[in-house]
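Have the sequence and the 3D view open as you read.

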Amino acid sequence: MAHTEEKSEHFPPIADVVDKTHAGDEDISARPLEEIESLCMQCGEQGVTRMMLTSIPFFREVIVMSFRCEHCGHSNNEIQSAGKIRSEGTMYTVKVLNRGDLDRQLIRSESCSINIPEFQLVLPPSRGQLTTVEGLLRDIVADLSVQQPLRRIQDENAYVKIQEIIDGLKKIIADDNDEDEGKDKFEKRELSNEDPVASAITITLDDPSGNSFLEFVGSMSDLKWNMRTYERSLEQNQQLGLAPPAEDAEENAADEAEEQSGGLNDEVFEFPGICSRCGRPLVTRMKKVSIPYFKDTLIMSTNCDDCGYRDNEIKSGAAISERGRKITLKVEDRDDLSRDILKSDTSGLSIPEIDLVLHPGTLGGRFTTLEGILDQVYEELTEKIFNAGDSGVIDIDDRAEFQEFLRKLKQVKNAEIPFTLILDDPLANSHVQNLYAPDPDPNMEIVTYERTWQQNEDLGLNDINVESYGGDYTKDGGTES
């Protein structure tokens, strides 16, 4: 209630504003107007802008502005809405049948377009305006008449068509500048509001912002007046600045889709568990990673804060591939050591130049760089085999041969000699980064192949039956009736 009273105090009804204006003729300070000196864009001198805050009955609060320059005589007026943009657009339609309809008050916002179908005339959005239907028609006549002498010379067809519109509007507002001007003025004064206009027209105001208004007579059940609301389209919201432009909207939609798709990838899941060494509670963390030009992968990490036990594992986040994959990479310099590599727990790794062969399951699943996985191989062989006591290499000749192997492996992991890396994964869950993606890598060859029966048996795929999954089957494979 207090908010309503405050609003009515700042935006009094227009009738009260008129009364206060007349009462304040002698005392300028009592006028409900604000006057501000502003620059005239015609002559460059200082003019006066007057602003009035008022409310239109059955509509809303508006700001009426009027400018006049005493030096050159230039003047204009404008109206702006003092409220917020409505949630729906509005469309007003009025049938102008008699002269009383010309006196209807009309408020046109900056986003309002006007259509007069009888003349096939459409006025695009322009500056805000507070006028009447007659005032609108007079402004149209004045605007169209300005360039008529020039059109008559340059484009006679356009001149004729526009002149027909001007003549038709002049007949409606009874503004005929014939030679017998005095007689016309006398006849115009004799016309009453009930007299029909020369030709009936329809005026439609379409405002997506909902800030325009066309007065009704008596009540909203006026038979010649109609108003309807509608939901704005995306294009209209963009024109009002309520939605980003089309290009920005596409970019934002792509960014949102990328964020939504990457939202799950950024989430880290935690699972409570028991440490296999000390038996105390620990947490296993799992994160989904999308590898470019490959597939989704699950990375799991287990850390025990009590005993320091650490373990990590890589699992495929996609379906089992129908074919196996063999990746052959020719390493020629140290730049190749920075390639990302995903070695699954079902993949074998071999380097023929030094007779290195790691069977599937060795080192488990790893997601690292080529240099990182070679370092892990070197550390595993050095610590767990060469220094393993009774289980290590005891014979002197074997020890010398193994030291020579480690020397070559060290040269390989430092890229001192060229070598070939082969990843053979029956499930195609391993990956080596392509430095030339999306183009083929000249140093890498990828071959897919059909798995053998023994490989499927080792992977447990021969016992999987997914045909007619979800049906009821008996032990001997028959369908129960």
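A handy idea to start with is how open a residue is to its surroundings: buried means under 20% relative accessible area, exposed means over 50%, and partly exposed is in between (1.4 Å probe, protein chains only). Keep in mind that this is a predicted model, where local features need pLDDT of at least 70 and side-chain atom pairs count only at pLDDT 80 or more, while totals for chains, interfaces and linings use all residues. Residues are numbered from 1 along each chain as its sequence is written, and side-chain values use heavy atoms, with hydrogens and water left out.

Let's begin with charges. Side chains of opposite charge can pair when their charged atoms come close. Here a salt bridge is a side-chain nitrogen of Lys or Arg within 4 Å of a carboxyl oxygen of Asp or Glu, and the structure holds 14 of them. One of these salt bridges brings together the side chains of glutamate 450 and arginine 323, at 2.7 Å from N to O. Glutamate 450 sits in the loop between strand 24 (444–449) and helix 11 (453–458), and arginine 323 in the loop between strand 16 (310–316) and strand 17 (324–331), so this pair ties together parts that are 127 residues apart in sequence. The helices (H or I, at least four residues) and strands (E, at least two) are DSSP runs, numbered from the N terminus. Glutamate 450 is exposed, with 54% relative accessible area, whereas arginine 323 is partly exposed at 35%.

Another salt bridge links arginine 334 and glutamate 371, at 3.5 Å from N to O. Arginine 334 belongs to the loop between strand 17 and strand 18 (340–343) and glutamate 371 to helix 9 (residues 370–386), so the two tie together parts 37 residues apart in sequence. Arginine 334 is partly exposed at 44% relative accessibility, and glutamate 371 is partly exposed at 29%.

Aspartate 425, found in strand 22 (residues 419–425), is buried yet has no salt bridge; the nearest side chain of opposite charge (Lys and Arg count as positive and Asp and Glu as negative; His and the chain ends are not counted) is arginine 451, 7.5 Å away. Leaving aside neighbours within four places in sequence, aspartate 425 has contacts (heavy atoms within 4.5 Å) that include Arg325, Ser344 and Tyr449.

On to the cysteines. How many disulfides are there? With a disulfide taken as a pair of cysteine sulfur atoms within 2.5 Å, the count is zero. Cysteine 40, for example, is in no disulfide, and the nearest cysteine sulfur, in cysteine 72, is 3.6 Å away. Cysteine 40 is buried, at 1% relative accessibility. The sulfur of cysteine 307 is 3.6 Å from the closest cysteine sulfur, that of cysteine 304, which is too far for a bond. Cysteine 307 is partly exposed at 37%.

Finally, the strands. Two strands pair if DSSP finds at least two bridges between them. Strand 5 (residues 89–98) and strand 10 (residues 196–207) run antiparallel, joined by eight bridges, with valine 96 opposite isoleucine 201 in strand 10. Strand 7 (residues 113–116) also runs antiparallel to strand 10, through three bridges, and serine 113 stands opposite aspartate 206 in strand 10.
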